[in-house]
Amino acid sequence: MPQEINFNNVEYKGLATNVNQAPQTGLPEIVLAGRSNVGKSSLVNGLCQRKNIARISQTPGKTQAVLYFLIDHQFYLTDLPGYGYARTSKQSKSKFSNLVDNYLTADRPIKGVLHLLDIRHKPSADDRIMNHWLTEQGIPYIIVLTKADKLSRAQMHVKKMDILRELGLPQDLEVAMVSNTKKTGYELLKEQIGILLEL
Ligand SMILES: Nc1nc2c(ncn2[C@@H]2O[C@H](COP(=O)(O)OP(=O)(O)OP(=O)(O)O)[C@@H](O)[C@H]2O)c(=O)[nH]1
Ligand SMILES: [Mg+2]
């Protein structure tokens, strides 16, 4: 049985703008990865039942820092900058910032990744690169489909299958489907995170 984790016991522990600034506590990390605007910060807020512990950015692509949230003194929920947002310059158009790249390849105690995808959309090229890379590296991850409130139950199922097919993943893979608006899907995802932490 996975250990009990009280997600409401959350402390913001600051940010890192490069991987060398990351805390060296040895505590395990669960990392949130996904495109800009997919709902990473909202997911932190939702899991912890906070309105805005993770600042929900108004300008997508702006959060170029890794944010650390200590959960129940047990592990860090780590919010990475979003990838794949083309707006400001040619440079930020490129898929993964150095920060995301360096972070995931650094020798960090990462127990698992929550790979967030908007349930309404076909995965982008960057989403596919990220997902294939996680699979190749053998990093345990959970696919988290966000903004589930935008679809009906039937549509959710269809979109889930489409996304899994696009990513080349088995159709029966267990995925999380969450809505920050309706506050749904969090309990199941918390159980899945508990399992990642036990691995
Ligand atoms: N309808 C709906 N909107 C959501 C949901 N989750 C997030 N949003 C909205 O999507 C937008 C982006 O959410 P964020 O949580 O800031 O996304 P992010 O992935 O942290 O974005 P970056 O930090 O820029 O990478 C905000 O306007 C949120 O209110 C959801 O479950 N349902
Ligand atoms: Mg954010």
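Two strands pair if DSSP finds at least two bridges between them. By that rule, strand 2 (residues 29–34) and strand 5 pair in the parallel sense over six bridges. Helices (H or I, at least four residues) and strands (E, at least two) are DSSP runs, numbered from the N terminus.

This is a predicted model, in which local features need pLDDT of at least 70, side-chain atom pairs count only at pLDDT 80 or more, and totals for chains, interfaces and linings use all residues. Residues are numbered from 1 along each chain as its sequence is written.

The protein has six helices and seven strands. Their order from the N terminus is β-β-α-β-β-α-α-β-α-β-α-β-α.

| Pair | Bridges | Bridge partners |
|---|---|---|
| Strand 2 and strand 5 | six bridges | Gly 34 and Leu 116 |
| Strand 5 and strand 6 | six bridges | Leu 116 and Val 144 |

Strand 5, helix 4 (residues 125–137) and strand 6 form a right-handed β-α-β unit. Right-handed here means that, with the strands pointing away from the viewer, the path from the first strand over the helix to the second runs clockwise.

Now burial. A residue is buried if 20 or more other C-beta atoms, placed from the backbone, lie within 10 Å of its own. Eight of the nine residues of strand 5 (residues 110–118) are buried. In helix 1 (residues 40–48), nine of nine are buried. Gln 49 follows helix 1 with a positive phi, near 55 degrees.

Two residues are in contact if their C-beta atoms lie within 7 Å. Leaving aside neighbours within four places in sequence, Phe 69 is in contact with residues including Val 10, Val 44 and Ile 53.

Conventions: Chains are lettered from A and ligands numbered from 1 in the order in which they are written. A residue is buried if 20 or more other C-beta atoms lie within 10 Å of its own, exposed if 12 or fewer, and partly exposed in between; C-beta atoms are placed from the backbone.
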